[in-house]
Amino acid sequence: MKSYLPAAPFQNLALSLSGGGYRAAAFHLGLLTYLSSARWKDKSLLERVRILSTVSGGTFTGVCYATTIAEGKTIEDCYKRLHRMMSGVDLIGEGLAKLSSFKGWNAAKGRSLINAFSLVYYEQFEKNTFSVLFDHDTHLKEIIFNATEFSYGLPFRFQKTAQPGRRSSSAYLGNRQVNMPPNALKEIRLADIMAASSCFPMGFEPINFPDDFRHGHSPLLSQLNVSYGVDQWGNRCTFPVGLMDGGIVDNQGIDSVFWAEQRMQEYRGGLTQFASHDVKAIDLYLISDVSSPFMDSYVKTEEKPMKKWRKWSFRTFLKAGLLFLAAGALTVYLACILDNPFWIFMTGFFASLLLLLSGLSFFLSNMFNWLLKKFSVPDFFIKRLGRFTRMKFGVYETLIMNRISSVQSMVSDVFMKQVRRQEYGRVYNDRMWSPRLVMNAIYELTLEQTIYRNENDRDLLSADLKNPSPFLMKTAEKARSMGTTLWFTPDELEDDAENKRSMLNVLIACGQFTGCFNLLVYIEKVLRGRENREAYDRYDPVLKTAIQELYERLLTDWRRFNDDPYWMVDVYNQKTRP
């Protein structure tokens, strides 16, 4: 079987940063810091990244790194900025304060929670527009921040390519169906792109393009009313279009890397050095991912005892309304026959209150039918759904909670994991891509996965990699356990009693030692593995010596991570301390 092992491993890299809120942003920051310390020949692996594709929480890390190096700064500066935002900015508090305040609101934006968050990002984290990535040349030649548009249901890409205009570049600023001119893209604030990429369903409403992206210095965006190019049917999409989380259609940003790699194959002139002259323009593709292929089984909501309010129904309100009406009529009658002004006033007051409660009860008793008509349910169904008015609220509770939990499971687990499997299948089932892949997953070094890998993996790893330390596996488990949120709670930012490490530092450390582990696995199982052994043996001796030197440096770091998973986090925290 022909081997497609890269001719020059580690020369030109692509990097995907998945979605997953702050869990993803911190884990990916850990990977970036580790790649900056791992050197291949005269440069770090991070400096050899040519394609950067990010989604949702990964976009926070991607934007931070891309703008930091565009400004001529270092990975330490990136670490300091992102660490400060995740630990020091009260995103929820400041976002809700902006949403509720009418002072200082950007009039170009609609009043919504996602726009409130984007204003916080702008004020507290990132004030640049996309033009900064065009104005400064860096080792990142293809930059893609991914969202999803709600007009065609396709990925919507905010991207820069080093050589636009090539015959098959397909570098649509947006997508093939709905897009914008390049100069309009340069006006967009990166803070708004962060908001669009991380605007997850149920948590936020869509952010509207281009309306919510306009600001005081965006003349082209302000005039943009239709798509720059026509769609496949020859029509121009009318703006605005709703944008939401890029993870809806591709939470790993894999498809964007495919397109970028095809563009790189057509690089000409001085750019050819940044694309490998091989079956792929990329020698190694790292996919950093905090999602998991595993999901918890659906657990139905059990019906609770029919006590208190649970034994009520809409008919209960009808009966209550009749009682309040009768009592109100009686007090009206008493008010009419009494002579004392004080008692006339009191009975009149209570009569008004009882009649008001009666009206409210009648309204509530008819609410179900009112809702059916409000949503234009046909009369054919209304007659049959009338039985619901006699159903106890405890039954409603069970029906509603089961539906909510199933929808949540469908969106966050079933749908997302199905898309994840399809995207990974595209790269791992491609014989040209598979020997160029490193998946850096947050759960890989937990105790459960370590046991599974050692029991089921036919290509045995070296003893160092087979047996991570209990301390390291415990750290990985703690990192995996955090949910998908855009904040850290006060408890998560506090050092725990046992390890003296906050959740933020746990996640960064996990990204570092998991990245080290997977690079070692790549060298052992892919480059030197059974399937590619003959191709590896044909490598030039100088190249094999360079691979061995990298392997030994990685192995030294891995042993140090096993002794102390936080040693590199401590180094960065010391370097970036105010």
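Mentor: We begin with a rule: buried means under 20% relative accessible area, exposed means over 50%, and partly exposed lies in between, with a 1.4 Å probe and protein chains only. Helices (H or I, at least four residues) and strands (E, at least two) are DSSP runs, numbered from the N terminus. This is a predicted model, where local features need pLDDT of at least 70, side-chain atom pairs count only at pLDDT 80 or more, and totals for chains, interfaces and linings use all residues. Residues are numbered from 1 along each chain as its sequence is written, and side-chain values use heavy atoms, leaving out hydrogens and water.

Trainee: Why is strand E10 called largely enclosed by the rest of the structure?
Mentor: Strand E10 covers residues 437-441, and five of the five are buried, so the rest of the structure largely encloses it. Leu437, Met439 and Ala441 are buried on one side, and Val438 and Asn440 are buried on the other, which leaves both faces of E10 covered.

Trainee: What makes E9 and E10 a pair of strands?
Mentor: Two strands pair if DSSP finds at least two bridges between them. Five bridges join E9 (residues 284-289) to E10, and the strands run parallel. Ile287 stands opposite Met439 in E10.

Trainee: What makes a set of residues a nonpolar core?
Mentor: The members are buried Ala, Val, Leu, Ile, Met, Phe, Trp, Tyr and Cys residues, joined through side-chain atoms within 4.5 Å. The largest nonpolar core here has 124 residues, of which Phe10, Phe158 and Phe209 touch the most other members. Helix H20 (residues 503-527) gives the largest share of this core, 17 residues. A second, separate core has 23 residues, including Phe258, Met264, Ile287 and Tyr443. In soluble globular proteins, nonpolar side chains tend to be buried together.

Trainee: Which residues does Phe10 touch?
Mentor: Contact means heavy atoms within 4.5 Å. Not counting residues up to four places away in sequence, Phe10 touches several residues, among them Trp40, Leu45, Leu519, Tyr522 and Leu550.

Trainee: Why is the pair of Phe349 and Phe350 called edge-to-face?
Mentor: Rings of Phe, Tyr and Trp (its six-membered ring) pair if their centres lie within 6.5 Å; planes under 30 degrees apart count as stacked, over 60 as edge-to-face and the rest as tilted. The structure holds 30 aromatic pairs. In this one the ring centres are 5.5 Å apart and the planes stand at 75°, so the pair of Phe349 and Phe350 is edge-to-face.

Trainee: What sits over the ring of Tyr122?
Mentor: A charge sits over a ring if NZ of Lys or CZ of Arg is within 6 Å of the ring centre and within 35 degrees of the ring normal. The charged end of Arg189 sits over the ring of Tyr122, 3.8 Å from its centre. Arg560 likewise lies over the face of Trp567, at 4.0 Å from the ring centre.

Trainee: Why does Asp255 count as buried?
Mentor: Its relative accessibility is 17%, so Asp255 falls in the buried class. Asp255 is found in helix H10 (residues 254-264).

Trainee: How do you know that Asp255 makes a polar contact with Arg157?
Mentor: A polar contact is a pair of N or O atoms within 3.5 Å; within protein, one must be able to donate a hydrogen and the other to accept it, and residues adjacent in sequence count only if both atoms are side-chain atoms. The side chains of Asp255 and Arg157 make such a contact at 3.0 Å.
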